[in-house]
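The following note sets out several points for review. Please read them alongside the model.

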Amino acid sequence: YNMMDFNNYDSIIAFGEKVAREHYDELRALADSLNAIEFKPLKSYNASPLDSVYIEKLVIEGNERIHNSYFENSFGQFENSWVKFDELEDQIQLAYGSKFFTHLFYELKADGDITKLVLNVKEADIGYLSVGAHYDDDYSVSLLLNGAFRNLIGRNSKLFTDLVVGPNPRFRGLYIKDNGAKPGYGAKIEIYSLSFDTYTNPNNLSAKTEEWNFTNFKGSLFLQTILKNRHWFRIGGNYEYFRFKSKIENDADSISDYNSYANFYFAFNSDTRDRSYLSTRGVFSELRVEYVTPISSNWVQELFESSLVFWFKYHQSIPLSKKLSLKPSVFLGGSYQKGYPTSSNEPASTYKRPPAQHWFYMGGLSQSQYMHGFQSFTGVKFVQKYGLYQAIFRMHLQYNFYRKLYVTLMGDVGANEWYLEDMIEGKNWVAGYGAKFSYDSFIGPVEVSIMGSNIYKDVSFFINLGYWF
């Protein structure tokens with residue numbers, strides 16, 4: 001127990017009584033000797049711990065970089081009201097989740113006829129830098145540089161950066177103004193260059209037919225609300241300066257220049273997992289709706305259409321025992337654009353579609369993706385299938401069979417098609433299966449997967465080494 005465990009007073013008392021009873025004979029002898037000198041009858045005690053207090057005023061002490069408004073937004077609700085200690089301590093635990101503090105203690109002070117809630121604050125260091133390395137068969141080898149800073153650019157601010165140096169470089173910078181329980185705002189910059197193969201031969205879906213490179217310069221502004229450090233709503237807009245370029249077909253060079261795009265979005269995210277890798281309990285989910293549109297006045301207006309793109313993903317870890325966890329998950333994504341049919345015998349390229357960076361792509365096993373539409377799938381090559389509609393259902397069983405060693409049985413079924421009605425045809429569905437062996441090392445998970453699927457007949461392997469920050 002520690003000094004914050006006030007609500008565990010019954011357990012603390014029980015523990016104290018247990019220890020005292022172990023020394024009952026010694027204490028009894030001491031009591032008898034004292035009574036022999038002067039006998040004092042036992043008094044009757046019927047006091048019970050307070051569970052609430054009336055607070056008139058909030059006082060903050062020790063804060064320098066964090067503005068008083070942060071505490072007023074989070075704790076101002078307690079002024080001039082009866083406050084239960086459980087509710088107060090829950091709010092303090094939530095404030096710790098912001099990582100702004102190394103300690104945040106409270107004290108109740110009587111000042112005449114009023115009671116003050118005094119918050120004593122010790123602010124955390126400004127931030128830190130991390131360096132790491134990662135390899136997986138989808139994104140190749142990468143050197144990772146990561147930074148997290150608080151109150152560096154203004155009070156109540158957070159700044160996160162990460163840089164990936166390798167064959168598929170990426171930079172991300174995220175700034176958030178944290179207003180506690182009230183809505184905040186932020187900005188994000190993201191730059192990446194990603195190369196991947198495609199497999200569009202209907203007679204041999206495992207044969208490489210094309211190699212593409214996606215390069216994107218992306219800026220975002222948003223408003224957000226965070227609930228209990230576990231759930232957050234975000235609404236905002238993005239500007240994209242994007243290029244997709246073929247590395248094989250010279251005919252595609254005519255449409256390989258950079259162009260401008262915009263999108264406006266709403267998103268709700270939730271993360272209650274006990275850990276981001278090899279989780280044993282909790283939920284990770286996202287619901288997102290985007291309106292995407294090309295801005296440049298050239299060939300993109302003939303090829304792409306303003307569209308509504310939406311998806312829902314849900315991953316859950318259910319503990320069946322101390323070492324065994326069931327991990328079901330689902331991904332459902334689609335798009336709507338004017339004039340695009342739900343079914344057709346014509347190639348999808350006949351019609352205008354959303355910009356290519358907002359299609360859905362299926363395959364590979366990387367746990368971190370550069371684009372929202374990229375989703376992993378057991379036994380399918382990285383980006384082996386892509387289209388405007390995607391449904392994936394997964395059922396994995398994770399077993400911690402020895403210390404930091406795990407084995408996970410994986411089963412995935414799903415479909416990815418250009419037309420909505422094609423999604424319900426059984427012949428278009430993909431089934432993948434396999435086993436993953438993991439070691440929870442100090443550099444992150446070290447994993448080897450053995451897989452197969454009904455569209456890739458040979459046995460395939462996937463190697464993943466180290467954390468993605």
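**Notes on the predicted model**

1. Lys116 counts as buried because its relative accessibility is 19%; buried means under 20% relative accessible area, exposed over 50%, and partly exposed in between, with a 1.4 Å probe and protein chains only. This is a predicted model, in which local features need pLDDT of at least 70 and side-chain atom pairs count only at pLDDT 80 or more, whereas totals for chains, interfaces and linings use all residues. Residues are numbered from 1 along each chain as its sequence is written, and side-chain values use heavy atoms, with hydrogens and water left out.

2. Lys116 is placed in strand 5 (residues 114-123). Helices (H or I, at least four residues) and strands (E, at least two) are DSSP runs numbered from the N terminus. Leaving aside residues up to four places away in sequence, Lys116 touches Lys57, Val59, Glu107, Leu108, Lys109 and Asp111, where contact means heavy atoms within 4.5 Å. With Asp111, the side chain of Lys116 forms a polar contact of 2.9 Å. Such a contact is a pair of N or O atoms within 3.5 Å; within protein, one must be able to donate a hydrogen and the other to accept it, and residues adjacent in sequence count only if both atoms are side-chain atoms.

3. The largest nonpolar core has 34 residues, of which Phe214, Tyr361 and Phe374 touch the most other members. A nonpolar core is a set of buried Ala, Val, Leu, Ile, Met, Phe, Trp, Tyr and Cys residues joined through side-chain atoms within 4.5 Å. Its largest share, three residues, comes from strand 10. Among the contacts of Phe374, not counting residues up to four places away in sequence, are Leu194, Phe196 and Tyr361. Apart from this core lies another, of 21 residues, including Tyr70 and Ile92.

4. How do helix 3 and helix 4 meet? Tyr70, Ser74 and Phe75 in helix 3 contact Leu88, Gln91, Ile92 and Ala95 in helix 4. The axes of helix 3 (residues 68-75) and helix 4 (residues 85-96) come within 11 Å and cross at roughly 140 degrees. Axes are lines fitted to C-alpha atoms, for helices over the stretch in contact, and angles run from 0 to 180 degrees between N-to-C directions. Helix 3 is therefore oblique to helix 4; angles under 35 degrees count as roughly parallel, over 145 as roughly antiparallel, 65 to 115 as roughly perpendicular and the rest as oblique.

5. Leu278, although not a glycine, has a positive phi of about 55 degrees. Leu278 lies in the loop between strand 13 (259-271) and strand 14 (282-294), and counts as buried at 8% relative accessibility.
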